[in-house]
Amino acid sequence: MTHELAVLGGRPVRDTAWPLWPRATETAGRALAEVLGSGRWTVSGPYQGTESVEQRFAKAYASYTGTAYCTPTTAGTTALTIALQALGIGPGDEVLVPGLTWVACASAVLFAGATPVLVDCDPRTLAISADAARAACTPRTAAIMVVHPFCNLADLDAFVALSAEKGLPLIEDSAQAHGARWRDRPVGSYGVVGCFSMQQSKLLTAGEGGAVVTNDAELHSKLEQLRLDGRRYGPAPIPGRLELVEVGAVQGRNFCLTEFQAALLLDGLVRLDAENEERARTVKVLVDALRGVPGLSLLAHDDPRVTRRTYYNAVLRFDLAEFGGSSIDAIASALSTELGAQTSPVYIPLNRHPLLRADLADSRLRTQATVDAISSARLPVAEEARRTCLTLPHPLLLAGADGVADIVAALGKLRGHAHELAGLPQTRSARAF
Ligand SMILES: *Cc1c(COP(=O)(O)O)cnc(C)c1O
């Protein structure tokens, strides 16, 4: 028998650090220094005779996602916000939202004054179920928001078909899948808009940041103005003067990325494919190694239509009986201590998520019907996932075979100490993730 569980004071399986994320590269340092001395720290600063870094990133990211246009934003949340606004979604509208995703997907809809209608997930992928989405459509449905959660893609064939059949715009939130491909086409390009987050934990990051991609020129024009107080890049800029022109065709706000963030994103984009491959290689090793630990499996659904898999988080599904009948919360807590890194259960389903408080939203934006729609959603598949699945954050997948050995050893240790595990507090921790 190995040492006592680390949560009970035993020696942890891993006592060395995991790779730092985000990575601090020399090229990023140089790019930041260049912006620092450039005299232009944001899009709304004076033109300095060269294209803004933000515009360079926008072009590079549009090209990377196989779309015509990209509008960078301050966050994934503001990307969703301007996407909803550009699509004209507001009070009286319903938007289908996955029941198992980050809370921002639903809160962006709430802040637009519309109702998020929560839809259950597909048990194979934990992505929004196309059948459940079809069943949730009503005459008030105004858009479908699809998320590619953790490491899996939603069934884009089914959602593209549903969107066409119902005449509903598809908002493709790809915040957890930068670089993934469905039928060899990048995610984000299947929706009428594709939204991304570049927050610290994401696969491409500037600490904070976001983007909306689209092939629709008219939507793009609105998106540009919505995040830039009604302004857009103008033609023939003059050095020393502002590059922007005041269009004012829509009421905008300021959701602009700084030039520093754009420089980090350009730098990260160069490494993204190689890092995605590195994580995928690690997962292959992990899948093989986990065959030796009964009672758990990696959620790595092999859909051949996913022609490039990415791993934001690797999802482990537990047969809890093999772990002394412990809760997933107790397992996640013990595993975090063994590994010296935070592992967490998957999201609490949004119909009971502590951070989705429609009842506390601005009373001029919410209606009782919205509050009821959220609390009365039925999400049994999401509930089962919350009960049995936890996620390994992607920096753990950048530690190669050595990291895999520690992960597998920690899981084996937990299983070998199932009895102690069952004696730990089994309740949910309020620690944020
Ligand atoms: C992270 C995330 C968001 C929100 O992005 P922020 O940059 O944190 O505002 C939205 N949707 C999904 C699916 C996310 O993972």
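Reader: What is the relative accessible area of aspartate 157, to begin with?
Author: Aspartate 157 has a relative accessible area of 27%, so it counts as partly exposed. Buried stands for under 20% relative accessible area and exposed for over 50%, with partly exposed in between, using a 1.4 Å probe and protein chains only. This is a predicted model, in which local features need pLDDT of at least 70 and side-chain atom pairs count only at pLDDT 80 or more, while totals for chains, interfaces and linings use all residues. Residues are numbered from 1 along each chain as its sequence is written, and side-chain values use heavy atoms, with hydrogens and water left out.

Reader: Which residue does aspartate 157 form a salt bridge with?
Author: Its partner is arginine 305, and the closest N and O atoms of the two are 3.3 Å apart; a salt bridge here needs a side-chain nitrogen of Lys or Arg within 4 Å of a carboxyl oxygen of Asp or Glu. The bridge ties together distant parts of the chain, 148 residues apart, with aspartate 157 in helix α6 (residues 156–166) and arginine 305 in the loop between β12 (296–298) and β13 (306–308). Helices (H or I, at least four residues) and strands (E, at least two) are DSSP runs, numbered from the N terminus. Arginine 305 is also partly exposed, at 22% relative accessibility.

Reader: How many salt bridges are there by this rule?
Author: The count comes to 28. As background, side chains of opposite charge can pair when their charged atoms come close. One of the bridges joins arginine 357 and aspartate 359, at 2.9 Å from N to O, where the arginine 357 side is partly exposed at 41% and aspartate 359 is partly exposed at 34%.

Reader: Where is lysine 202 in the fold, and what does it touch?
Author: Lysine 202 is in the loop between β8 (193–197) and β9 (210–214), and it is buried, at 9% relative accessibility. Not counting residues up to four places away in sequence, lysine 202 touches Trp21, Ala175, His178, Ser197, Tyr312 and His394, where contact means heavy atoms within 4.5 Å.

Reader: Trp21 is in that list, so what is the peptide bond from tryptophan 21 to proline 22?
Author: The bond from tryptophan 21 to proline 22 is cis, with omega near 0°, and proline 22 sits in the segment before α1 (26–36). For comparison, most peptide bonds are trans, and most residues other than glycine have a negative phi.

Reader: Which residue other than glycine has a positive phi?
Author: Leucine 126 is one of them, with phi near 65°; it lies in the loop between β3 (115–119) and α5 (130–136) and is buried at 2% relative accessibility. Aspartate 184 also has a positive phi, of about 65°, in the loop between β6 (181–182) and β7 (185–186), and it counts as exposed at 52%.

Reader: Which residues touch the most other members of the largest nonpolar core?
Author: That core has 83 residues, and Val97, Leu100, Leu126, Leu290, Phe318, Leu390 and Leu392 touch the most other members. A nonpolar core is a set of buried Ala, Val, Leu, Ile, Met, Phe, Trp, Tyr and Cys residues joined through side-chain atoms within 4.5 Å. Another core, of 23 residues, lies apart from it, with Cys70, Leu204, Leu265 and Leu266 among its members.

Reader: And how does the radius of gyration of the protein look?
Author: The protein has a radius of gyration of 22 Å, which agrees with the value near 22 Å for a compact globule of 433 residues; the radius is taken over C-alpha atoms, and the globule rule is 2.2 Å times the number of residues to the power 0.38. The protein holds 13 helices and 16 strands, its C-alpha trace spans about 70 × 55 × 40 Å along its principal axes, and 55% of its 433 residues are buried.
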